[in-house]
Amino acid sequence: MGRLTLGNINPHVVEAKYAVRGELAVKSEVYRAKLRKGDKDLPFKEVISANIGNPQQLDQKPITFFRQVLSILENPKLLEHEDVLLSTLGYKTDVIARAKWLLSHVGSVGAYSASAGIPAIKESIAKFLEERDGFPADPSHIYLSGGASSGVNTLLHILCASPTSGILIPIPQYPLYTASLSVLNATSVPYYLDEASNWGTSLDTIKEAYNTAKDNGTDVRAIVIINPGNPTGASLSEAEIRSVLEFAAQEKLVVMADEVYQTNVFVGKFHSFRQVLLRLQQEDPAKFGDVELASLHSISKGMVGECGHRGGYFELLGFDKEVEEQIYKFVSITLCAPVIGQCLVELMVNPPRPGDPSHELYEREYGAIFRGLRERATALYEAFKEMEGVECGEPQGSMYLFPSIRLPAGALEAAARDGRSPDEFYCMRLLEATGVCLVPGSGFGQKEGTLHFRTTFLAPGTEWVGRIKKFHKEFMDEFR
Ligand SMILES: Cc1ncc(COP(=O)(O)O)c(C=O)c1O
């Protein structure tokens with residue numbers, strides 16, 4: 001064999017599409033590097049990465065309690081100077097106590113941990129799940145992961161046995177799912193969310209997608225639900241979750257609940273799939289007793305925003321023991337999730353409580369981040385309302401807005417000449433003119449004939465929003 005080429009490497013990797021870090025994002029990094037070198041040729045002074053939910057790359061500050069504990073975990077010698085920590089650096093006694101507790105269970109954060117995670121951290125997660133849902137959890141079914149992404153990767157590897165293995169995926173979706181299924185040479189079975197009802201999840205649409213796939217010979221094995229949604233921000237009501245679980249029980253589908261945005265909710269309320277399933281199991285054990293549910297959470301989002309630390313977990317309910325042994329083996333092949341990330345999971349699920357010395361500051365920081373996100377989302381939404389041909393639902397949650405755009409025929413023709421989809425063409429021109437990096441709707445999937453873009457609402461200030469508005473007007477004038 002000669003050199004590696006695009007034609008002889010794994011074709012499934014070549015086929016996979018992951019727009020949130022695609023051509024636009026790469027170009028935005030080139031611009032950023034140019035600006036850093038002092039290049040004055042670009043028509044903007046700063047690149048805004050609104051393409052990815054990366055809170056601390058933008059303005060979100062880490063929560064003090066978390067980082068104080070981590071600092072001791074990374075450098076336990078600090079404990080030789082507790083007086084300095086307390087009196088000079090403003091650490092509180094609960095920071096020191098938590099760091100000591102974690103160190104007693106973790107040992108060194110530079111060591112591998114048990115494959116599925118540090119047992120004491122799994123116990124903290126189980127307590128959190130019990131408090132959140134009102135039903136006890138068994139730590140032995142909890143697996144720490146390097147972000148939710150690695151949990152999704154594990155689960156899809158287990159679920160996909162052949163090219164006809166199919167997974168129901170919401171559209172629009174976070175492209176981790178379709179990209180991973182491409183890499184695994186398995187089948188995505190798209191079901192469309194309903195833009196007209198604020199991106200609601202409709203059981204009829206799911207059933208239709210399921211039946212069509214089955215008729216085409218696809219062995220549909222699981223349904224993915226992203227709740228709250230990315231890119232939509234929509235939270236499912238309890239009734240919607242019940243109906244999805246009924247369907248899963250009837251068709252024997254594994255349910256994968258991606259709940260990484262569970263605290264990013266502005267409209268409605270977060271209901272966990274776990275809680276609703278456990279309630280249904282109480283009401284009708286025969287029907288719901290063996291539903292298989294994998295639910296995932298992460299330190300990347302919410303007010304934690306520690307995505308660079310790569311931490312998360314998934315919990316399994318109702319899985320066959322031998323299958324779980326294979327899941328365990330699979331996660332053990334990559335040894336363990338990053339240990340500092342595991343510690344952050346512990347801090348996320350077990351934050352300072354009322355009365356604890358660090359509680360007041362924690363609450364203040366947490367509340368300010370939450371309100372800041374809502375204010376930014378609202379400001380962006382108001383700006384979109386003023387833009388010709390742009391329609392956007394009220395911000396509901398997660399970290400994104402996903403407006404639809406109608407572009408003039410001239411723009412569609414110019415995009416075709418450029419070999420791009422119209423939304424991609426729009427986002428490319430926007431990036432070139434303003435330094436603002438968005439992701440075209442085609443990166444998430446959208447109904448035929450519709451165009452969208454996704455933006456995070458993490459960047460501070462309104463100056464960049466003004467840049468988008470000005471570009472939009474000029475773009476529309478150029479092509480109308
Ligand atoms: C819906 C969804 N799931 C999973 C992830 C991956 O998150 P993590 O950083 O935990 O791997 C993201 C990241 O944006 C996401 O939006």
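The C-alpha centres of domain 1 and domain 2 lie 28 Å apart; the domain bounds come from an automatic or database domain assignment. That assignment gives domain 1 as 11-59 + 365-479 and domain 2 as 112-349.

This is a predicted model, in which local features need pLDDT of at least 70 and side-chain atom pairs count only at pLDDT 80 or more, while totals for chains, interfaces and linings use all residues. Residues are numbered from 1 along each chain as its sequence is written.

Now the contact between the domains. 33 residues of domain 1 are in contact with 31 residues of domain 2, contact meaning C-beta atoms, placed from the backbone, within 7 Å. On the domain 1 side, helix 1 (11-15) and helix 15 (359-385) each supply at least two residues; helices are DSSP runs of H or I, at least four residues, numbered from the N terminus. Helix 15 gives the largest share of that side, five residues.

Next, the core. The largest nonpolar core has 124 residues, and those touching the most other members are Val-69, Leu-168, Ile-223, Val-224, Leu-245 and Val-255. Such a core is a set of buried Ala, Val, Leu, Ile, Met, Phe, Trp, Tyr and Cys residues joined through C-beta atoms within 7 Å, buried meaning 20 or more other C-beta atoms within 10 Å of a residue's own. Leaving aside neighbours within four places in sequence, Leu-245 is in contact with Val-255, Val-276, Leu-277, Leu-280, Phe-288 and Val-291.

Last, the ligand. Of the 14 residues around the ligand, Gly-147, Ala-148, Ser-149, Ser-298 and Ser-300 come nearest; the cut-off is a C-beta atom, placed from the backbone, within 6 Å. Helix 7 (residues 147-159) supplies the largest share of this shell, three residues.

Conventions:
Two residues are in contact if their C-beta atoms, placed from the backbone, lie within 7 Å. A residue is buried if 20 or more other C-beta atoms lie within 10 Å of its own, exposed if 12 or fewer, and partly exposed in between; C-beta atoms are placed from the backbone.
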